[in-house]
Amino acid sequence: MSLPSYCYNPVQIHTNLKHNRMKLNTTSCALPSRFFFVLLLSIISIFSCASTAAPLLSTDESISKENPFTAKASLIRYWNKQISNNLPKPYFLLSKASPLSAVKTAFFSELAASKTLDSHLSSFCSAANLFCLHSKHAPKKDDNAHFAFYSNKHFSNYGTSRVSGEDSFKNYSGGLNFATASFASYSRSSTDHKEGFSSYAKDANVAGSNFTSYAASTTGGSGVFDSYESTVNVPNLRFASYNSDANNHKLAFTSYVADTNSGNEAFISYAKKGNGDPLEFTNYGTTSNVIGSTFTGYSESGNAANNSFKGYSSDANNPSNNFKAYGFGVNGGTDSFSSYRDSANAGADTFQSYGKNSNLEKSNFVNYGKTFNEGIDTFQEYGKGSHNQLTGFKVYGLNTTFKDYARQGVTFSQYTKPSSSGNAFVGKVKGKSENKRGFSGKFFREYMLREGKVMRMPDIRDKMPVRSFLPRVISSKLPFSSDGLTELKQVFGATDNSSMEGVLVNALAECERASSPGETKRCVGSVEDMIDFATSVLGHNVVVRTTKNVNGSKKNVMIGKIKAFNGGKATISVSCHQSLYPYLLYYCHSVPKVRVYMADILDVDTKAKINDGLAICHEDTSAWTPGHGAFVALGSSPGNIEICHWIFENDMSWTTAD
């Protein structure tokens with residue numbers, strides 16, 4: 001038998017006995033005896049499996065001609081062993097197999113086993129087609145900067161001690177799956193310096209930014225966040241010591257995180273010890289879904305701070321804001337909350353030690369908390385220990401708890417009382433609309449899935465970074481739990497509070513959360529694991545499907561012919577959705593009582609077929625939360641209606657074969 005094809009390339013593997021580690025070079029094709037023995041056993045196993053496998057059936061010739069030593073060929077053999085039917089192989093799934101050769105797979109597997117994979121992180125990420133953030137830095141620069149169509153950079157000590165000038169970030173990280181940036185000591189000790197963030201990370205999937213000691217000790221100038229992270233799926237922002245010790249440095253947040261879904265923003269010691277710093281939040285979190293903000297030590301020990309929240313969390317779904325030690329020790333500050341949480345659905349705000357130990361602090365709540373579903377507000381030690389504090393509540397919402405509240409200088413005017421219907425909100429309900437921004441077309445009713453129906457197709461494009469699965473021989477040697485986070489951070493070069501740490505933490509938390517009633521779930525990092533999970537739920541006679549392409553995305557389309565699988569009966573399926581992680585990771589879960597359809601998607605004008613759209617309808621929504629985006633978009637409540645949605649690009653659904 002001739003040597004494998006990879007030996008025709010000038011590859012050499014040396015054995016370092018002292019460190020028990022192999023490293024690749026590019027000179028010859030000599031193999032250490034131990035590795036050659038393991039490789040020989042693998043070759044014997046490969047041909048043994050190939051001789052007994054089911055015949056290879058596929059319309060794609062590249063599968064039948066696949067090099068037997070590739071990861072894709074291994075997956076085909078595993079598929080033939082586990083799947084009992086002879087239907088065509090799902091090329092869209094097999095194409096996600098690892099690009100690593102047998103030699104590199106063995107090499108990186110050895111490093112993973114010895115916990116030294118981080119020593120070759122750059123080459124590992126490149127060869128295995130992973131998503132890594134270990135070496136992306138922006139150059140240092142002191143001239144005026146205009147960043148257009150710029151993405152995923154880190155700025156450290158940028159613009160320090162600048163006098164005048166302006167930096168602008170326009171179309172920064174737009175449309176990316178994972179937009180990340182860090183601004184550390186940016187514009188520190190500058191004078192009359194302006195920073196403008198316009199259309200920052202718009203339409204991104206996951207957007208994470210860290211502003212640490214940004215604009216600290218500045219004098220004059222301004223920072224403007226305009227259309228910042230709008231229509232982002234999961235915004236994740238950190239402002240630590242932002243604008244601290246500044247003097248009259250104006251900050252304005254306009255159309256900040258509008259139309260976003262989920263996410264969290266944290267403002268820690270924001271504008272601490274500032275002097276005369278006007279801070280404006282206008283249209284912050286408007287029409288967002290389940291957005292959370294935390295303000296800790298905001299304007300702490302500041303002098304004559306002027307903070308205004310206008311249109312904050314308006315039209316949002318279940319926003320949550322926590323103000324802790326906000327305005328603590330402030331002298332002569334003014335806080336204004338106007339149309340705060342107006343027309344939102346529910347929501348909860350907590351004010352703890354707000355304005356505590358302050359002097360001449362003024363707070364005005366005008367048209368605050370006018371939600372169309374009752375929200376919750378809690379005030380604890382509000383204004384405690386303050387002097388000459390003035391606080392006014394005008395047209396304030398229902399269901400509020402005041403504990404240890406300052407008894408002097410507080411006025412209530414037109415405080416909302418319950419109506420006869422039990423709903424405190426009087427006026428137009430803006431939140432309950434089928435066309436509510438952020439959910440347009442994402443969810444629909446089953447009756448809408450009929451031939452000739454014109455409907456809005458949501459943005460079904462996959463915005464995740466392009467990644468591949470890891471071979472199971474490597475992924476099995478890496479921890480995948482919160483208990484192993486420290487080791488994972490070392491492997492993937494994630495520092496504390498970094499964007500990559502957030503990626504790891506979020507994925508692990510989602511995979512480790514308790515299953516919903518009736519749900520069976522598993523996170524899988526290899527096709528083999530996905531096959532194992534799907535067959536454990538559905539049996540071995542299964543088929544996997546996805547939407548063919550992204551044509552029609554974000555447009556009105558016409559529904560053509562429709563095919564209902566499994567006889568159109570309510571059945572069980574296994575749906576798999578991508579999670580953001582260094583290697584390709586899917587969250588797979590069994591979904592009971594669903595109907596699965598494949599519909600021809602037609603161009604509205606020409607009636608020509610442009611796509612095959614896979615749709616799934618959940619017949620039982622009784623276990624869903626009332627604040628789910630589907631109910632925000634369509635109205636109703638859990639258990640009262642069925643909910644349908646399209647399967648997005650690169651997501652998939654498994655069912656038993658017809």
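1. Helix H10 is followed by Gly 539, a residue whose phi is positive, near 90°. Helices (H or I, at least four residues) and strands (E, at least two) are taken here as DSSP runs, numbered from the N terminus.

2. On provenance, this is a predicted model, in which local features need pLDDT of at least 70 and side-chain atom pairs count only at pLDDT 80 or more, whereas totals for chains, interfaces and linings use all residues. Residues are numbered from 1 along each chain as its sequence is written, and side-chain values use heavy atoms, with hydrogens and water left out.

3. The geometry of H10 (residues 527–538) is consistent with its length: at 1.5 Å a residue its 12 residues should span 16 Å, and the end C-alpha atoms are 16 Å apart, which agrees. The expected span is defined as 1.5 Å times one less than the number of residues in the helix.

4. Nine of the 12 residues of H10 are buried, so this helix is largely enclosed by the rest of the structure. Here buried means under 20% relative accessible area, exposed means over 50%, and partly exposed lies in between (1.4 Å probe, protein chains only).

5. Leaving aside residues up to four places away in sequence, Phe 124 touches Phe 108, Leu 117, Leu 130, Leu 470, Ile 474 and Phe 492, where contact means heavy atoms within 4.5 Å.

6. A search of the whole structure finds four disulfides, each defined as a pair of cysteine sulfur atoms within 2.5 Å. With bonded cysteines counted along the chain, the pattern is 1-2, 3-4, 5-6, 7-8.

7. One of these disulfides joins Cys 511 to Cys 523, with an S to S distance of 1.9 Å, and the torsion about its S-S bond is about -95°, so it is left-handed. Cys 511 lies in helix H9 and Cys 523 in strand S25 (residues 520–524), 12 residues apart. Cys 511 is buried at a relative accessible area of 15%, and Cys 523 counts as buried at 17%.

8. Another disulfide joins Cys 576 to Cys 588 (S to S 2.1 Å); the torsion about that S-S bond is about 115°, so the disulfide is right-handed. Cys 576 is placed in strand S28 (residues 571–579) and Cys 588 in strand S29, 12 residues apart. Cys 576 and Cys 588 are both buried.

9. Cys 617 and Cys 644 are also joined by a disulfide (S to S 2.1 Å), which is right-handed because its S-S torsion is about 110°. The pair links distant parts of the chain, Cys 617 in strand S30 (residues 609–618) and Cys 644 in strand S31 (residues 643–646), 27 residues apart. Cys 617 counts as buried at 0% relative accessibility, as does Cys 644 at 0%.
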